[in-house]
Amino acid sequence: MAEPRLVQLAVDGRRRSGLAEPRLLLADFLRHELGLTGVHVACEQGGCGACLIRLDGRLALSCLVLAVQADGAAVETAEGLARNGELHPIQQAFRTKHGLQCGFCTPGLLLATRALLEADARPDEPTIRRHLSGNVCRCTGYTGIVAAVQEAARLVGEAAG
Amino acid sequence: MSRRFRYVGRGLPRVEDDRLLRGRVSFLDDVRLPGMLHVAFVRSPLAHAELRRVDTAAAAQLDGVTAVVTGADLPGELEIVTGSSRPEAGEWRRPLLARDRVRYVGEPVAAVAACSRYVAEDACELVAVEYEPLEPVVDAERALEPDATLLHERHGSNNFAHVEFEHGDVDAAFARAAHVFRKRFHFGRTHAAPLEARGGAADWSGDLTFWSSTQMPFLVRSMIARLYRLPETGVRVIVPAVGGGFGLKVHLYVEEAILPFLSRLVAAPVKWAEDRYEHLAASGHSKEVLCDLELATTDDGSFLGLRGRFLGDGGAHQGHPWSSLIDPLCAAAMLPGVYEVDAVAYEVDAAATNKCPSTAYRGVGWTSGQAAREALIDDAARTLGLDPIELRLRNCLPDGEPSVSATGCRYDGGSYRASLRRIRELVDYEGFRERQLRLRGQGRFVGIGFSPFVEQGGWAAQIAADQGFPGSGYLDSVCVTVEPDGSVTLATGLQSNGQGHETTLAQIAADGLGVRPEDVRVVQGDTATGAYSTGSWGSRTAVIAGGSILRAADDVRAKLLEIAAAELEAAAGDLQVEDGLVSVRGSPDRALSVASVAAAAYAGRVPSGLEPSLTSTRSYDPPATYSNACIACVVEVDAETGRTTVERLVAVEDCGTVVNPLVVDGQVAGAVAQGVGAILYEGLPYDADGQFLAGSLGEFLYPTAPELPDVEVDHLATPSPVTEGGIKGMGEGGLIGAPAAVVNAVADALEPFGVAIDRTPLRPCDILALIDSASAAATPATP
Amino acid sequence: MKPPPFDYVAARSVPDAIGLLADGGEDAKVLAGGQSLLPLLNMRLSRPSLLVDVNRIPELELVHVDGEVRLGATARQADVLASRAVRAALPLLTEALAHVGHAVTRSRGTIGGSLAHADPAAELPAVMLALEGAITATSPRGERTIGAEELISGPFATDLAPDELLTSVAVARQPERPFGFAELSRRHGDFALAGAVVLLEPARVVVFGVEGSATRRRDAEAALDDRADAGEVAELAARELDAVFDVHADGDYRRRVANVLVRRAVERARAVRG
């Protein structure tokens, strides 16, 4: 049962599959087996949020999920946010408000932001900061990120009419 | 020369953002090469020990393992040799794997190459190592005592260098002083901790291709070539996107340097991607300096003289290439800061200890010296009964005029006083003091701290000499080429690790040439296509890129105008280029696109005698230039628990000519956040046995969003009179200044208790201990 | 680091899970949310031979509120936090959950996982102790109910047998009962350096983050029932706490802060009561 087994899943809407021994982390499966570049590993203990994805509709730190657990699941990464090549309003907001510098924490932050805005369409600043407490950014000091999330809330709200 | 800037100065959104946001960017751990093997290291669990035996037999036999290498397997000449341009310093050597001794917890002892990182780690566990413990040296002062155990016997001392300096009659200044204030301040060990840890890859078959998460691709190329005795033409360094550097990635590490050897050995590409434990324990530590300061003043607080002794805790080896002087010597060189003090003396030592080697981190030792000096000044203000801003203004350099500090730093003029006054307005200082008093009546303790400073920009030969490292040389060049269709390639060896160079350098080139930024493509991250540079660190990119790009652009623009002049039948001197259009001044209908001028050039249709290639490679070794800024921090301290909340962070920044204000504000905010982290959250403790205690993110605490307020950034502008474009450079300032502001804010909050702060970091328990041990000058009113 | 090798199986039901645990022996471990177990595996601090994944057992996910609040072992912390019914029935639990980790860990972290992991600085074991939660566990020997106080036996140690699966926890509904919750952590979402849970009517005083496990401070409870002053209750609560130390704080500090937090929690509980 420690042998590699086939893992079949959907990633950003596409059917993908690969081999994984039980101990292979989902983060490593996505990056190294499937070649995705939108998932980053920075701590392997759930302490930084860089590896954040959505698994069957719920936020999940992919360094704390085994690839074999994702068999049959739907995984969404930040690579799936853009539609038809167009940046998602959250991505646009991060760009206009300088919410990223090196970009390493960014994919996780984008997904955390989407989850926040799905739960609370007009979060105030303390709510934004609290919700993002599991996403470490070393470059921005969070000022640009908070501005980006506020702008994203505005854009998403506008799009919803 | 005065230039009119059209794009420099504008907050253009960044070119690099699109692909970063889409997640379509490769960082080091995304590098995949056919047949690639993965590397892991066996690391010492002890701080100091003789290495008796390393038995790799079981590890080598594990399924999936290709090679296991120890120090004994490496040729003797594979050593990194670190010296310094300082004559007082020695030359310290380090083999790529520990040979007969280990000197810090985490030091690499063996390297494994296997089919996956998972299997490589399994193999590491099977390597049997025999250690014979030695007495660890974990205190810098102890390390310099005559009977201390030597870390490197061949040097006869644990001190890398002892440096002394004096300017003016310091003894006389102290003799005539009405007051002498003293302070011993231990600035604690910090970590740049970029979110993306270190990593490298090597593929050595014929030529050597080397991937590195580095801020200095060409220096890495030169160093690797020298190490392996290869011609530089036989080495190519590729840098994928870099997930933060902050100075940590401006070094050559043994773990990267060994990768070409491993690749040769296993006849395959090899990759090493560091994990967080390795990063925290064994990459590079920074800024730990024990500062002993003395400030001589007149009766009314005018500064007469400064003395400082700066003892760096340099760790077990020299960080290459900057050495362990980078923290204490820089702290000493900036001892006078923004103040007019003519009599200054300092002593610097750089002790080796059984800890992780010290490396450069954003602001290096300026951070440590700044915190010590500004805390001392606040102590002095309290004793003299003077307002802390008033005391600073009284001693501050006048605005605008260039001056040379007592330590030889050539300031090119700034808004030293104006920034202090401005910050006083922005924080509503009087209102704050009223609020502070009111809250004290309710048993609540808020405090404010100020930190004005200068920040060097453009570290190259002149700044290095200012900072105590004379005689070093730097070459930084860029190549500007107009392509056949009028688009522009800007090749550089500078390396973005978050600062947006693809945008800012394009802005400068656009103004230099007269095209639009979107027509300029910045090429970086590859020594095969870049131009030689010592890299991006030390707030140097904008100044150095600025100068070199403008010079190269001038060359190319001159040619464009010559060619266009012939086509337009006008004098080149009557032509202007703007947004890709060359036109006769005053006759806008007589115009040619840069694209058509380029087409002409590439088709050879140029005036006879004119060399048609539209390219120029130019370098820039800037004169010394210094930005200045002032940072203020407001905190509230819970006096029952020591827990401290940062309420407000304000920065007034003057970096002369700004290239992109969005980028500048982002740099300030990020650096200030790191400053808060260094004081209130992050820590790198070692125990008495040299055991490292912060090996995970549960111990080393990055500040996260709820711990910080918005960083408010205000701007003044004193363009440099000596650099190209008046650009001064910035980036480190927030981390040079913010720690001092936080320390002073905490001390100010706890002033009723009579607290004096003499060390960092300040955990809640440390703050409570400070309250306990301080003799209260006045008891706080309690409800 | 990467985990050491282990076997893995996804259980399809509670009996299936127990059978797998029994077959797996001492070194088989339950994998629930993974937010505590995976970090240990990734640091090679835990080396199970087999992981039994219980995430695909629907009956364990329940969040049921009527006369009592019954939470299945794999009820997600985020779901319980967001539940209006839980907030109405047990507002203390909702308040405490906001301190458990971060949004990105609560989405997978489970109620049962936190209880079974028994971290001394965790909020949920302390809250269940204060609320006198009843834990249900199943093994090949049948089902049993364990009081929260019996469940936790020490740091990261419970009374559960290796082949026993925690399946749910139940607490009596108490919407009006006054409570106070106070925690000191270095950053938002971090483990507590010290924490206090206080309930009135009857008095319950639990201190967590300070000793090897959360404990009820019975002398303090007696004083609280006797309407003693908050400072006195806090003194009694903090007395003789066998405090741990780590890089964040030593034992003296933790004891001292426990005193402050109990006092503040008592004040809050009394303020709620009016």
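**A sheet in chain B**

Modeller: This is a predicted model. Start with an open sheet of 4 strands in chain B, in the order E23-E22-E21-E27, with mixed pairing.

Colleague: Which strands stand at the edges?

Modeller: Strand E23 (520–523) and strand E27 (615–619) of chain B. Each has a single partner strand, so one side of each is left without a neighbour in the sheet. From one strand to the next, the twist averages 15 degrees.

Colleague: How many bridges join E21 to E27 in chain B?

Modeller: There are 5 bridges, and the two strands run antiparallel. E21(B) covers residues 477–482. One pair to look at is B:Cys479 with its bridge partner B:Thr617 in E27(B).

Colleague: Which strands does helix H16 of chain B touch?

Modeller: H16(B), residues 501–513, packs on the sheet and touches E21, E22 (488–492) and E23 of chain B. Its direction makes about 130 degrees with that of E23(B).

Colleague: And where does helix H17 of chain B lie?

Modeller: H17(B), residues 541–568, lies across E21, E22 and E27 of chain B. It runs at about 150 degrees to E27(B).

Colleague: At what angle do the axes of H16(B) and H17(B) cross?

Modeller: Roughly 35 degrees, and the axes come within 8 Å. The crossing is right-handed.

Colleague: Which residues meet there, between H16(B) and H17(B)?

Modeller: From H16(B), they include B:Leu505, B:Ile508 and B:Ala509. From H17(B), B:Ala545, B:Ile549 and B:Arg557 are among them. By class, this contact has 11 nonpolar, 4 polar and 2 charged residues.

Colleague: New topic. Is B:Val676 buried or exposed?

Modeller: B:Val676 is buried, because its relative accessible area is 0% and the cut-off is under 20%. B:Val676 sits in helix H19 of chain B, residues 661–681.

Colleague: What is B:Val676 in contact with, leaving aside its neighbours within four places in sequence?

Modeller: B:Val646, B:Leu649, B:Tyr681, B:Leu708 and B:Val742.

Colleague: Last one, the two chains. How many residues does the contact take from each?

Modeller: Chain B gives 57 residues and chain A gives 49. The area buried between the chains is about 4,300 Å². Carbon and sulfur atoms give 55% of that area.

Colleague: Which three residues of chain B supply more of its buried area than any other three?

Modeller: B:Leu21, B:Tyr118 and B:Leu195. They supply 20% of the area that chain B buries against chain A.

Key: Residues are numbered from 1 along each chain as its sequence is written. Chains are lettered from A and ligands numbered from 1 in the order in which they are written. This is a predicted model: local features need pLDDT of at least 70, side-chain atom pairs count only at pLDDT 80 or more; totals for chains, interfaces and linings use all residues. Side-chain values use heavy atoms; hydrogens and water are left out. Two strands pair if DSSP finds at least two bridges between them. Axes are lines fitted to C-alpha atoms, for helices over the stretch in contact, and angles run from 0 to 180 degrees between N-to-C directions. Contact means heavy atoms within 4.5 Å. A crossing is left-handed if the near helix is turned anticlockwise from the far one by less than a right angle, and right-handed if clockwise. Ala, Val, Leu, Ile, Met, Phe, Trp, Tyr, Cys and Pro count as nonpolar, Asp, Glu, Lys and Arg as charged, and the others, Gly among them, as polar. Buried means under 20% relative accessible area, exposed over 50%, partly exposed in between (1.4 Å probe, protein chains only). Buried area is the accessible area (1.4 Å probe) that two parts lose on being put together, summed over both.
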